[in-house]
Amino acid sequence: MSSDAMAIRTAEAAGRPWVEVLHEWVTTVDHKRLGIFYIVYALVFLVIGGIEAVIIRIQLMRPLNDFVTPQVFNRMFTMHGTTMIFFVAMPVLFGFANYLVPLMIGARDMAFPRLNAFSFWLMALGGFLLYFSFVGGSGLYGAGNAPDVGWWAYAPLTSRAFSPGHSTDYWTIALLVSGFGSIGTAINLIATILCMRCPGMTLGRMPLLAWLNLVMSGMVLITITPLSAAQIMLMVDRYLGGHFFDTQAGGSAALWMHFFWIFGHPEVYILILPCFAFMSEIIPVFSRKPIFGYPVMVGASVAIGFVSMSVWAHHMFSIGMSSYANAFFTITTLSVGVPTGIKIFNWLGTMWGGKIQFKTPMLFSIAFLFQFLIAGLTGIMLGSAAFNWQLTGSYFVVAHFHYVIVGGILFALFGAFYYWYPKITGKMLSETLGKLHFWLFFIGFHMTFDLMHIPGLLGMPRRIYTYEPGRGWDTWNLLVTIGAFVQSIATLVFVANLIISYFKGRDAGNDPWDAWTLEWSVSSPPPEYNFATIPTVASRRPLWDIKHPEDPDSRYE
Amino acid sequence: MSTMTTPITQTPPAWSLPYRGTVGMACLIIAESSIFTIFVVAYLFYVGKSLAGPTPREVLETPIFYTICLLSSSLTVHFATRFLERGKRGGFLGLWVLTIVLGGLFLFGTGQEWHRLIYEHGLTISTNLFGTTYYSLVGLHGFHVSAGLILLTTVLLLGLAGRIRPEHSRRVGVLSLYWHFVDAVWVVVFTVVTTIITTTTIIIIVFFFFCC
């Protein structure tokens, strides 16, 4: 299609009734529109999950607080955890993968566009079902709404005796349905990356973003499915009178824990690998240097994928496994630190000697590096069985994994938003608001999650809805809650920036960052067909080759 | 815009990538294997841990005939695809029908076995741990056979309507890949479930492997 034809279509679109435009969006199979769906959907749930977090923090702000009842508190932390993992982190990362992977490998769409749309709507249905539990959860029993079994839903809690009504069933079905959506997207991403690359784009020249999403998708296939299987078993128990997790009939509660964490721990790596992908694209561009040690980065990613699948039982050191099991899972857990350390070393190596530009995406990336390192260090502490016995089930653990998820994943995501927003919308995000967002969020994050380690070390357990005064936890909890409010304000600045810049931002042009990967070769936003002619590449930085024909990368690779 | 995407190399290298259908199906098979693994682990974990009878040794029989049916349907679907590639419509449709009949026979066998277990031995999914794990594992496989039969029947109807031509053999091959997987999973499920009864079944399975 020529650009004239495209202009005519846009002109037609401007005059059409909104119902038609809406219909076109809802029935779309275009990877870019679905990517935007995923991202917007996740942002909505980010706000919902954030409100739940703030409710939790207000309740814990001072001792013997009665802001919410214990039952509501349990529902809030269950919904907060489930929402943030399954309906914020997963969809937003899938959204970026959907949007960027075909553009970066020079393809016109994903391998299976209709499967792509189907996967998104499955995940959307999952989120709807989870929140419908607030209305339909009590069923005929009048037994309270919304699941309150924790996002891990340990076995006796989910049995009929302890979870009457339908709230747990909504949780189960929501995760089952969105899990199938995730598997569909993973299949699609792998098929796209392996079968749709443009001529010359060998595996060795593929952008690291594509490589890391390939590894992530492979992990989704192997580790989301055990969760689906466990959810099917739970439904058999709850609806057909089965005994999988029924200790009265000889069943085992520990088996649920194993099945859940076989999914649960690799899930963390499923979330962090796409963030590593963002870092591997953003850091080189703002350091004005190619990525340091590309083959080693690929190797380390694949190594993380493999090793992280054999570490799950470090969540279960306190249930009384044999000493051999404890030793095995300690060793595997600590060994994940090696490939991860290699990656951090290589990002620093990329920055070393570079002309670093401190734009907002880079600020978030640098913060990511330091915070992810610290999160990894507390992870190594908790990964050692002997240390874990002292602090498991305390706020130290909560602080650790929020350090990973907020300090690592969310910071990387914010960086990705600032970096690719110009490509997706055609407008630059405001740098002033961006810097304000960064510093506010940075301060709020450290206030909340650095300080949260301390009440944990002082013995404050997780999941408690309140505590007595005079245990030395009061001031820390107050400061943690204030930090949570600072983060909320920063997030509002971010949302305001997204909206204001969409209408008033300055035009981005094709390539605002002077970057090197293929998505910056097309207009912003990209046309429906992505590439008028499918590009041919000869190196890892195809745009560098075009911009510097006298000294192309292809001469050295 | 178009100036940025002009080819860089003047002589594009030969470029061929795997077929997306095959890759997609391979990924689905990996994911499904993972689900089956969890159910197999649950079955093995709970063997002998039921607090009440009946036990597998008391009630299970080895469904050799129906297993032969299912495994040979792998051969028929394979040769049906071969016939389609070579444009022999009659051979394709004949073997395709045979595949569906063999798969249907297997499902019938499973139904008969379940009927016997429920009405003669009173074993249901809620009787004991053995019942829960057995029906879940075999049922999960039966569900996959049913899904496969629906897909095979769809292809058959399209084939009878003359809509399946030799150029579609690659796509039909993707479906036959799924059917091979369903058969391969049965080898695992069969082994896990029936070797608990007698050691002679092990000998039968080893014999099978040598025959294949």
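Biologist: Let's start with one residue: where in chain B is B:Val47 found?

Modeller: B:Val47 sits in the loop between α1 and α2 (56-59) of chain B. Helices are DSSP runs of H or I with at least four residues, strands are E runs of at least two, and both are numbered from the N terminus. Keep in mind that this is a predicted model, in which local features need pLDDT of at least 70, side-chain atom pairs count only at pLDDT 80 or more, and totals for chains, interfaces and linings use all residues. Residues are numbered from 1 along each chain as its sequence is written, while chains are lettered from A and ligands numbered from 1 in the order in which they are written.

Biologist: How do I read burial, and does B:Val47 count as buried, partly exposed or exposed?

Modeller: You count neighbours: a residue is buried if 20 or more other C-beta atoms lie within 10 Å of its own, exposed if 12 or fewer, and partly exposed in between, with C-beta atoms placed from the backbone. B:Val47 has 15 C-beta neighbours inside 10 Å, so it counts as partly exposed.

Biologist: What does chain B look like overall, in helices and strands?

Modeller: Chain B has 7 helices and 0 strands. Of its 212 residues, 32% are buried. Take two residues as in contact if their C-beta atoms, placed from the backbone, lie within 7 Å; then 82% of the chain B contacts with a separation of 6 or more join residues 24 or more positions apart.

Biologist: And how many residues of chain B are in contact with chain A?

Modeller: Interface size is often given as the accessible area lost when the parts come together. Here we have residue counts: 35 residues of chain B are in contact with 44 residues of chain A. On the chain B side, the elements that give two or more residues are α1 (20-45) and α5 (129-160). The largest share, 13 residues, comes from α1(B). By class, that side of chain B has 23 nonpolar, 10 polar and 2 charged residues. For the classes, Ala, Val, Leu, Ile, Met, Phe, Trp, Tyr, Cys and Pro are nonpolar, Asp, Glu, Lys and Arg are charged, and the others, Gly among them, are polar.

Biologist: Over to chain A. How many helices and strands are there?

Modeller: Chain A comes to 17 helices and 0 strands. Its radius of gyration is 24 Å, close to the 24 Å that the globule rule gives for 557 residues, so chain A is as compact as a globular protein of that length. That radius is taken over C-alpha atoms, and the rule is 2.2 Å times the number of residues to the power 0.38. As for burial, 53% of the residues of chain A count as buried.

Biologist: At what angle do α14 and α15 of chain A pack?

Modeller: Two packed helices are described by the angle between their axes and the distance between the axes. In chain A, α14 (residues 395-425) and α15 (residues 431-457) pack at about 170°, with their axes 8 Å apart. That makes α14(A) roughly antiparallel to α15(A). Angles under 35 degrees count as roughly parallel, over 145 as roughly antiparallel, 65 to 115 as roughly perpendicular and the rest as oblique. The residues that meet include A:Tyr403 and A:Val406 in α14(A), and A:Phe445 and A:Phe449 in α15(A). The contact divides into 13 nonpolar, 5 polar and no charged residues.

Biologist: Now the backbone: which peptide bond to A:Pro525 do we see, cis or trans?

Modeller: Most residues other than glycine have a negative phi, and most peptide bonds are trans. The bond from A:Ser524 to A:Pro525 is cis, with omega near -10°. A:Pro525 lies in the loop between α16 (474-504) and α17 (542-547) of chain A. Chain B has a cis bond from B:Gly53 to B:Pro54, with omega near -5°.

Biologist: What is the phi of A:Asn530, and is this residue buried or exposed?

Modeller: A:Asn530 has a positive phi of about 65°, although it is not a glycine. It lies in the loop between α16 and α17 of chain A, and it is buried, with 22 other C-beta atoms within 10 Å. A:Asp514 is found in the loop between α16 and α17 of chain A too, with a positive phi near 55°. A:Asp514 counts as partly exposed, with 13 C-beta neighbours inside 10 Å.

Note on methods:
Axes fitted to C-alpha atoms, helices over the stretch in contact; angles between N-to-C directions.
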